[in-house]
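Please look over the sequence and the model first; the notes follow by topic.

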Amino acid sequence: MSDKGNLIITDSQLSDEERRTLEVLVATMIPANGEYKVPAADDPKIFSNILARSGELHFLTEALQTLDELSRDLLQTDFSSLEPEDRVPMLEEFNRQQRPALRALFGIASQCYYQDDRVLKSLGMDARTPFPDGFTLEQGDWSLLDPVRQRPKMYRE
Amino acid sequence: MAADPVDVLIIGAGASGAAVAWSLVDTRMKVVCLEQGNWMKPAEYPSAGREWETRQDYSISPNRRGLPVDYPVNDTNSPISVANFNAVGGATILYAGHFPRFHPGDFSIKTLDGVADDWPIDYATLEPYYAENDRMMGISGLAGDPAYPPKNPLMPPVPLGKAGERLAGGFNSLGWHWWPSDSAVATEQYDGRDKCINLGSCTTGCAQGAKASTDITYWPHAVRAGVEVRTGCRVREIRVNDKGMASGVVYYDADGVEQMQEAEIVVMACNGVGTPRILLNSSSNLFPDGLANSSGMVGKNMMFHPYASVQGVFDEPLDGYKGPGNCIWSQEFYETDRSRGFLRGYTMEITRGRGPIATAMTGIHSGRVPWGEDHHRAYRDLFNRITGMVMICEDLPELHNTVTLDPDLVDSNGIPAPKIDYQLSENSRKMLDHALAKGEEVLRAAGAKDIITEAPISVGGWHLMGTARMGVDRANSVVNEWGRCHDVKNLFIVDGSIFVTSAGVNPTSTIQALALYIADSIKKRLANLFD
């Protein structure tokens, strides 16, 4: 049973315990990577955005509780207390039971992750709004059209 | 409370309502347009903010947006859900801006292919209105397309970019047709609009104003000439007098107060779902089955365009998030070839690339981007490396595909909401399968190493057509050959509802050309309009 008496400041209505499970869960989904110099999805700034959107996932509280129950059944501890090497296999097991829920959460986490300045910069993007500066697009080679120009009329009257 | 009567009352300020309003204004008649949405503020469009890929208030789905200006649509009994937008500009706020015309043969497929029905008008009738509409909307493209009769786009085509160049090479290697898309994206300054700066987010509103939505094309001209647009006004029903003529409409204003607006002429411009909804909500003693529905055709023959999507993953960086979705198209498989096992055909429209979040969602939903340690490598294999196409398949009219009134669902004013019952035909399924195979073939030819497909695109009900069809026989059509309802002589319909067939192209150009043609027909007959 989760502790509903200690809610964090979010629309998601998660308890501290559920929030911790969610943190570990999203960091397992999208871990930090030194090669690309990107943080994990539990980075405080990214995670706060995930929390802010978690209210869209009406099933989230139940899913997090189910994940913890599964973890306790199989490895006798909450998901957030698992050894790192046990988390992905547990997630795969959970995915067999709760695929739509997990996919939806992965989607929300990814949306928040790929808006982060550090992540965008690691992808070679400017961390800015598209408008007003826009982007440059090359014209391309219009001579490619030459053979098509030679085609006869294709339409029917 | 009743306002002063007006000469012309237009319901809906989208693609067709704007065109008909602008055309009718030179009659000096008092023209009022009621629009349930509001004027847009381009400075607030998603591309002016950091959340440009995730704003749910710019979703194409009215059910997902759920804004006060939206009405719900029960489309649970359809494999394709309805897309629309309620604002001054209507769905042109969110459309991609593809602007193909119908072909001459599209108006006579009964004669040519023995299927569906011929239109009571032809390409030659609409051609001057297509041209006038191109001028008002500001269309870019390139003359000389062998798939079309001669036409002269006003601005150069949108750039090929890396994606267009890649795919053009693929089409050429197979000897298939392709051509720069006719596009409602301005590539030069035009009529007060600035040119495209490749924001890459055309389908959530163009903050630059380069894309031709009617709030920045027709409406400024119409309003300056005296047309009144009342926003936040949702029409409940059209009233008729004891002579069977439309007397005006009952609507809820922006404060939710019921109003009556009398009019000499009522013009419906509410799209292929909104128009039958209002007609069916306007039943009366004279019209017990819904207004203008003596034929029983109101709400019947609902057509979407079933869409297939084929995306390729390439080894080298392409355009990614840059540039308009409009690029090039192919009509290699547009005309009927019975050896393919289906009638009619489709257009392939290249969709260029996608942003970082759309890339992630594509990767997740297709199973190509996993969670865990391999996430980042898999994501980078896709980022800026996806391009492909959608295939817009001609849908054929079928009586069992319908818009009716939901018995339970209502909008925020308590007005019964529309219910969609739609099934993909066997013809459409075969066409989608063919489109998927040909899309993969050309993408492989262009160098794609991996293919991602979807058919039909379940959220892709962008085009709403056929539910108040045009025809000379009042027994099986709702409006005559110039848009006047057979049953109600001062009621006109100018939106996609009146389409007899759907062709295999985006409909906005034809919707607007029809609206201009019907407006001109009204103007030419003013002395005896109701005879």
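In chain B, 3 strands make up an open sheet in the order β3-β14-β13, and their pairing is mixed. The edge strands are β3 (74-77) and β13 (402-410) of chain B, each of which pairs on one side only. From one strand to the next, the twist averages 40 degrees. The model is a predicted one.

- Strand β14 (residues 416-421) of chain B pairs with β3(B) in the parallel sense, over 2 bridges.
- Within this pairing, Asn74(B) has Lys419(B) in β14(B) as its bridge partner.
- Helix α7 (residues 271-280) of chain B lies across β13 and β14 of chain B, and runs at about 65 degrees to β13(B).

**The antiparallel sheet of chain B**

- Another open sheet is formed by 6 strands of chain B in the order β4-β10-β11-β12-β9-β15, with antiparallel pairing.
- β4 (179-180) and β15 of chain B stand at its edges with a single partner strand each, so each has one side without a neighbour in the sheet.
- Helix α10(B) packs on this sheet, where it touches β9, β11, β12 and β15 of chain B. The direction of α10(B) makes about 20 degrees with that of β9(B).

**Strand β11 of chain B**

- Strand β10 (residues 328-330) of chain B pairs with β11(B) in the antiparallel sense over 2 bridges, and Ser330(B) has Met348(B) in β11(B) as its bridge partner.
- The pairing of β11(B) with β12(B) is also antiparallel and runs over 5 bridges.
- In β12(B), Cys393(B) stands opposite Tyr346(B), while Met391(B) is the bridge partner of Met348(B).
- β11(B) is mostly covered, with 5 of its 5 residues buried.
- In a regular strand, side chains alternate between the two faces of the sheet.
- On one side of β11(B) are Tyr346(B), Met348(B) and Ile350(B), and on the other are Thr347(B) and Glu349(B); all are buried, and both faces are covered.

**Helix α10 of chain B**

- The end C-alpha atoms of helix α10 (residues 426-445) of chain B are 29 Å apart, which agrees with the 28 Å that its 20 residues should span at 1.5 Å a residue.
- The buried residues of α10(B) are Ser428(B), Met431(B), Leu432(B), His434(B), Ala435(B), Lys438(B), Gly439(B), Val442(B) and Leu443(B).
- Seen down the axis of α10(B), these buried residues fall within an arc of 170 degrees, so they line one face of the helix.
- An α-helix has 3.6 residues a turn, so residues three or four places apart point the same way.
- The face of α10(B) turned away from the buried side carries the exposed residues Glu426(B) and Ala437(B).
- The cover over the buried residues of α10(B) includes α5 (161-174), β9 (307-313), β11 (346-350), β12 (386-393) and β15 (450-454) of chain B.
- After α10(B) comes Gly447(B), which has a positive phi, near 110 degrees.

**A loop residue of chain B**

- Met29(B) lies in the loop between α1 (15-24) and β2 (31-35) of chain B.
- Met29(B) counts as partly exposed because it has 17 C-beta neighbours inside 10 Å.
- Leaving out residues up to four places away in sequence, Met29(B) touches Asp7(B), Val8(B) and Leu24(B).
- Val6(B) is 23 residues from Met29(B) in sequence, and their C-alpha atoms are 8.1 Å apart in space.

**Contact between chains A and B**

- Chain A contributes 42 residues to the contact and chain B contributes 51 residues.
- On the side of chain A that touches chain B, α1 (16-29), α4 (84-97), α5 (99-113) and α7 (146-149) of chain A each supply at least two residues.
- α5(A) gives the most to that side, with 5 residues.
- The residues of that side of chain A divide into 23 nonpolar, 11 polar and 8 charged.

**Helix α1 of chain A**

- At 1.5 Å a residue, α1(A) with its 14 residues should span 20 Å, which agrees with its end C-alpha atoms being 20 Å apart.
- α1(A) is mostly covered, as 10 of its 14 residues are buried; among them are Leu22(A), Val24(A), Leu25(A) and Met29(A).
- What covers the buried residues of α1(A) includes α2 (44-53), α3 (60-75), α4 and α5 of chain A.

Methods: Residues numbered from 1 in each chain as written. Chains lettered and ligands numbered in written order. Predicted model: local features only at pLDDT ≥ 70, side-chain atom pairs only at ≥ 80, totals over all residues. Helix = DSSP H or I, 4+ residues; strand = E, 2+ residues; numbered from the N terminus. Expected span 1.5 Å × (residues − 1). Buried ≥ 20, exposed ≤ 12 C-beta atoms within 10 Å, placed from the backbone. Arc of directions from axis to C-beta. Contact = placed C-beta atoms within 7 Å. Pairing = 2+ DSSP bridges. Axes fitted to C-alpha atoms, helices over the stretch in contact; angles between N-to-C directions. Nonpolar A, V, L, I, M, F, W, Y, C, P; charged D, E, K, R; others polar.
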